[in-house]
Amino acid sequence: MRPEQGTLISRAQAMAALLELLTDQPVIICNGFPSREAQKLVDRPTHFYMIGSMGSAPAIALGVALAKPHKQVITFDGDGNVLMGMGTLATVAALKPKNFIHVVFDNEVYGTTGNQPTISNVVPLEKVAKAAGYTNVERVLDLDDLVYEFKDMLKKDGPSMLLIKVNEFAEDAGRVVLDPPDITKRFMKAIE
Amino acid sequence: MIESDAFVQALQDMGVNFFTGVPDSMLGGIIAELMDRRLYTPAVREDEAVAMAAGAYMGGKVPAVLMQNSGLGTSLNTLISLNLIYHQPCILIVSWRGQGGKDAPEHLVMGEVMPQLLDTMKIPHRTLTEAGAIEDFKWIAETFMKQRIPVALFITKGVVKGLHP
């Protein structure tokens, strides 16, 4: 069954709820629709929008988290992305950055390229993170739970993973408008 | 032969303060020295190391990534679609396996094409020599600051002291 039974929210609805709980934390957002949707929902200079290097969002976030240990660093990731850079779950778990929150929007498809299925319907990614050694791991299906768990994670020491099952709906969101070098400069200045 | 501690000290003197990577036997001495100094963050893949270095750079660090040249193959997309287009510099310290065709079979193709590969990607590179080391380091620092893209320093066999000299 796809999407998972009981999954009602879209990624954009989930993302909007998360962004409402964030202020000036660095957020590294994976390539494809997630970056486009975040840009459309709320554009903040603390957002690092990726347009390539699929699978690298948590590794970039880890670098930021290690360089800025007093800032809570968030990454918005997808199931296809996590599967591509799965080794990074191990790296994060081994280094145990307390200031690292990994949000995974799991729609079980490669949405940006036309909804081809991933394998996250049979491989529970949050269990992989838990087994690797993430400190807090939650899997949520609805908006109330996601707000409750994300608020909780913001108060706890990480590394944490919040896996949100979402449906396949993608917002009508245009490409990332900023030039990549400007994204880098703006982000660096915002998290200085 | 350059001692590993002198090599690491030279990088630190340049301001490099974030080191990650995946090991190679030829880089063993350098990595051991970095671990002694508690400066090394191990990665599980070279492209992950490159991405981690990019994050560290944006967080205010000056990063270096150590890898065997096979890892350059693994890192191509990250170097192209992250570092080059976003203007995120890092220092790639790459052991040149397969140089001159004398190495295990898996190293021979990359050993032959590596300089041209980086030329094609427009990533500046230099090969470290003992006599020219001070110049080489100066060149890296200048290129890093000016171009804001990755620069590569190739390490050939016997130039930096390894774990088993």
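The dialogue below walks through how to read two chains and their contact in a predicted model.

Colleague: What share of the residues of each chain counts as buried, and what share of the contacts joins residues at least 24 apart?

Modeller: Burial and sequence separation are two views of the fold. In chain B, 47% of the 165 residues count as buried, and among contacts between residues at least 6 apart in sequence, 76% join residues at least 24 apart. In chain A, 48% of the 192 residues count as buried, while residues 24 or more positions apart account for 75% of the contacts with a separation of 6 or more.

Colleague: Which residues are buried in helix 2 of chain B, and what covers them?

Modeller: For a single helix, one lists the buried residues and then asks what lies over them. Helix 2 of chain B, residues 28–36, has B:Gly29, B:Ile30, B:Ile31, B:Glu33 and B:Leu34 buried. What covers them includes helix 1 (4–13), strand 1 (18–21), strand 2 (40–42) and strand 3 (63–68) of chain B. Just after this helix, B:Arg38 takes a positive phi of about 55 degrees.

Colleague: How should I read a loop residue such as B:Pro150, and does B:Pro150 count as buried or exposed?

Modeller: One places the residue, counts its neighbours, and then looks for contacts. B:Pro150 is found in the loop between helix 6 (133–147) and strand 6 (151–155) of chain B. B:Pro150 counts as buried because 29 C-beta neighbours lie inside 10 Å, where the cut-off for burial is 20 or more. Leaving aside neighbours within four places in sequence, B:Pro150 is in contact with B:Leu79, B:Asn83, B:Pro89, B:Cys90, B:Leu92 and B:Ile123. The C-alpha atoms of B:Pro150 and B:Ala54, which are 96 residues apart along the chain, are separated by 9.8 Å.

Colleague: At what angle do helix 4 and helix 5 of chain B pack, and which residues make the contact?

Modeller: For a pair of helices, one reads the angle, the distance between axes and the handedness. Helix 4 of chain B and helix 5 (residues 105–121) of chain B pack at an angle of about 15 degrees, with their axes 11 Å apart. That angle is why helix 4 of chain B is roughly parallel to helix 5 of chain B. Helix 4 of chain B passes helix 5 of chain B in a left-handed crossing. The contact is made by B:Ser70, B:Leu72, B:Gly73, B:Leu79 and B:Ile80 of helix 4 and by B:Met110, B:Met114, B:Leu117 and B:Met121 of helix 5. By class, this contact has seven nonpolar, two polar and no charged residues.

Colleague: How do helix 5 and helix 6 of chain A cross, and which residues meet there?

Modeller: The axes of helix 5 (residues 87–95) and helix 6 (residues 125–132) of chain A come within 8 Å and cross at roughly 40 degrees, which makes helix 5 of chain A oblique to helix 6 of chain A. The crossing is right-handed. A:Leu89, A:Ala90 and A:Ala93 in helix 5 meet A:Val128, A:Ala129 and A:Ala132 in helix 6, a contact with six nonpolar, no polar and no charged residues.

Colleague: Finally, how many residues does the contact between the chains take from each of them?

Modeller: The contact takes 25 residues from chain B and 25 residues from chain A. On the side of chain B that touches chain A, the elements that give two or more residues are helix 3 (46–58) and helix 4 (70–86) of chain B, and the largest share, nine residues, comes from helix 3 of chain B. The residues of that side divide into twelve nonpolar, nine polar and four charged.

Note on methods
Residues are numbered from 1 along each chain as its sequence is written. Chains are lettered from A and ligands numbered from 1 in the order in which they are written. This is a predicted model: local features need pLDDT of at least 70, side-chain atom pairs count only at pLDDT 80 or more; totals for chains, interfaces and linings use all residues. Two residues are in contact if their C-beta atoms, placed from the backbone, lie within 7 Å. Helices (H or I, at least four residues) and strands (E, at least two) are DSSP runs, numbered from the N terminus. Ala, Val, Leu, Ile, Met, Phe, Trp, Tyr, Cys and Pro count as nonpolar, Asp, Glu, Lys and Arg as charged, and the others, Gly among them, as polar. Axes are lines fitted to C-alpha atoms, for helices over the stretch in contact, and angles run from 0 to 180 degrees between N-to-C directions. Angles under 35 degrees count as roughly parallel, over 145 as roughly antiparallel, 65 to 115 as roughly perpendicular and the rest as oblique. A crossing is left-handed if the near helix is turned anticlockwise from the far one by less than a right angle, and right-handed if clockwise. A residue is buried if 20 or more other C-beta atoms lie within 10 Å of its own, exposed if 12 or fewer, and partly exposed in between; C-beta atoms are placed from the backbone.
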